[in-house]
Amino acid sequence: MDRSQPKLYIIIPCYNEQDVLSITAPQFLDKISSLVAAGMISDESRVMFVNDGSADETWNIICSLAQQDSHFIGISQSRNRGHQNAVLAGLMEAKDMCDITISIDCDGQDDINAMDEMVEQYLNGYEVVYGVRSKRDTDTFFKRFTAEAYYKLLKRMGVEVVFNHADYRLISSRVLQEFANYHEVNLFLRGMIPLIGFPSTEVYYERHERLAGKSHYPLSKMLLLAFDGITSLSIKPIRIITGLGFIVTILSIIAIIWAIIAQVTGHTVSGWASLICVISFLGGSILTALGIIGEYVGKTYMETKGRPRFIISERTYEKRNE
């Protein structure tokens, strides 16, 4: 397969990013231009912004950028669907229009110069190239500790993820064609992409502070994404519940035997505190187990509906083959 000068689409999800777009958009255009000048990609490469139902001037800015330079294009979702769905919308829109995609956030934290090595690795034969943070010096101790602990937890739960990798990655159109066959509604892209296979490698970079605006991914959303990653790609929590249930059952049988022996030998002692402790422990365990099982049932319910994961309401261009 000829890989010379592939057509690259940079996929950039945007939600209320009016403050940062004017800073990072020229940087993305400069990166396209430098890669074209180096003969690494085609001049037909594009920067694709994905407006995720922004409530500010983000979409108007994207439209203005598209009018100023043909290398800028944009699509807009009909409403806010979340970061993962926005990335997916861009990937699925671009898969028939380019040879490779690179997904990256628009806040300037991920080093865009890592794209050079990503494209080089594609030219060397890799179909997926993961952008991996080399260190977390810019993170607080709490964020660094919880993030690293989370990646380790995912591994133990059987989820195949790349350590310290988020959603900065190169994916070839060949891989995206296969990924289109994955129809999950509950998305955790950093855990789903490795499932497809194909030759892959990693590129390391340092992450910077956000250039402007504020993060739209607070702790609550990060925790929700983390929980989705486990429950969407692993059934180990269910197996853990089964194991705990078995252990509690054994302990309960032992307690019953002890109670019978104590009754027969006349050594029964009224123990209100111990009774309350046992009831509280069993009650909490049951409620926790029901909550985890309910989460899986709810995800199954959402999957069976088969609702669209994204709806594109506007484009700055006329899509091919429409």
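In which sense, parallel or antiparallel, do β4 and strand β6 (residues 165-172) pair, and over how many bridges? The legends below describe close-up views of a predicted model, and the first of them takes up this question.

**View 1. Strand β4 and its two pairing partners, β1 and β6.** β4 and strand β6 pair in the antiparallel sense over four bridges, and within β6 the bridge partner of Ile102 is Leu170. Strand β1 (residues 8-14) also pairs with β4, but here the sense is parallel, again over four bridges; in β4, Ser103 is the bridge partner of Ile11. Strand β4 (residues 100-103) is covered on both faces, with Ile100 and Ile102 buried on one side and Thr101 and Ser103 buried on the other.

**View 2. The largest nonpolar core of the predicted model.** This core has 34 residues, and those with the most contacts inside it are Ile10, Ile12 and Phe49. Two or more residues are given to the core by each of the elements β1, α1 (18-37), β2 (46-51), α2 (58-68), β4, α4 (114-123), β6 and β7 (200-205), and the largest share, seven residues, comes from α1. In soluble globular proteins, nonpolar side chains tend to be buried together.

**View 3. Helix α3, largely enclosed by the rest of the structure.** Helix α3 (residues 83-94) has 12 residues and reaches 17 Å from its first C-alpha to its last, which is close to the 16 Å expected at 1.5 Å a residue. Because 12 of the 12 residues of α3 are buried, the helix is largely enclosed by the rest of the structure.

**View 4. A nonpolar surface patch made by Ile240, Leu244 and Ile247.** These three residues make a patch of about 270 Å². Ile240 is placed in helix α9 (residues 236-265), and this residue is partly exposed, with a relative accessible area of 41%. An α-helix has 3.6 residues a turn, so residues three or four places apart point the same way.

Key
Residues are numbered from 1 along each chain as its sequence is written. This is a predicted model: local features need pLDDT of at least 70, side-chain atom pairs count only at pLDDT 80 or more; totals for chains, interfaces and linings use all residues. Side-chain values use heavy atoms; hydrogens and water are left out. The expected span of a helix is 1.5 Å times one less than its number of residues. Buried means under 20% relative accessible area, exposed over 50%, partly exposed in between (1.4 Å probe, protein chains only). Patches are made of residues with over 30% relative accessible area and no salt bridge: like charges are joined within 9 Å, nonpolar side chains (Val, Leu, Ile, Met, Phe, Trp, Tyr) within 5 Å. Accessible areas come from the Shrake-Rupley method with a 1.4 Å probe; for residues, only the protein chains shown count as cover. A salt bridge is a side-chain nitrogen of Lys or Arg within 4 Å of a carboxyl oxygen of Asp or Glu. Two strands pair if DSSP finds at least two bridges between them. A nonpolar core is a set of buried Ala, Val, Leu, Ile, Met, Phe, Trp, Tyr and Cys residues joined through side-chain atoms within 4.5 Å.
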